[in-house]
Amino acid sequence: MPGKRTSIQIYESTREELVKIRGFLESKNGKPRSLEDVVLELIRYWKEGHKINGSV
């Protein structure tokens with residue numbers, strides 16, 4: 001992914017939820033994912049669900 005890396009702060013409970021989602025996604029096809037990958041997949045999922053309301 002191009003661009004400068006940054007850091008964000010999230011609550012531990014939010015991180016735990018992301019790890020659960022990562023486990024679910026990895027169990028679907030066995031492909032390992034980083035938390036970055038999980039966040040990007042969630043963003044894509046959200047954008048696809050909101051296409052009818054215009055682009056974000």
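1. Helices (H or I, at least four residues) are DSSP runs, numbered from the N terminus. Gly 30 follows H1. Its phi is positive, near 75°.

2. This model is predicted: local features need pLDDT of at least 70, side-chain atom pairs need 80 or more, and totals for chains, interfaces and linings use all residues. Numbering starts from 1 along each chain as its sequence is written, and side-chain values use heavy atoms, without hydrogens or water.

3. How do H1 and H2 cross? Their axes (lines fitted to C-alpha atoms over the stretch in contact, with angles from 0 to 180 degrees between N-to-C directions) come within 10 Å and cross at roughly 85°. The two helices are therefore roughly perpendicular (65 to 115 degrees).

4. Which residues meet (heavy atoms within 4.5 Å)? From H1 come Arg 15, Leu 18, Val 19, Ile 21, Arg 22 and Leu 25. From H2 come Leu 35, Val 38, Val 39, Glu 41 and Leu 42. By class, eight residues of this contact are nonpolar (Ala, Val, Leu, Ile, Met, Phe, Trp, Tyr, Cys, Pro) and three are charged (Asp, Glu, Lys, Arg). No polar residue (any other, Gly among them) takes part.

Technical notes. Angles under 35 degrees count as roughly parallel, over 145 as roughly antiparallel, 65 to 115 as roughly perpendicular and the rest as oblique. Contact means heavy atoms within 4.5 Å.
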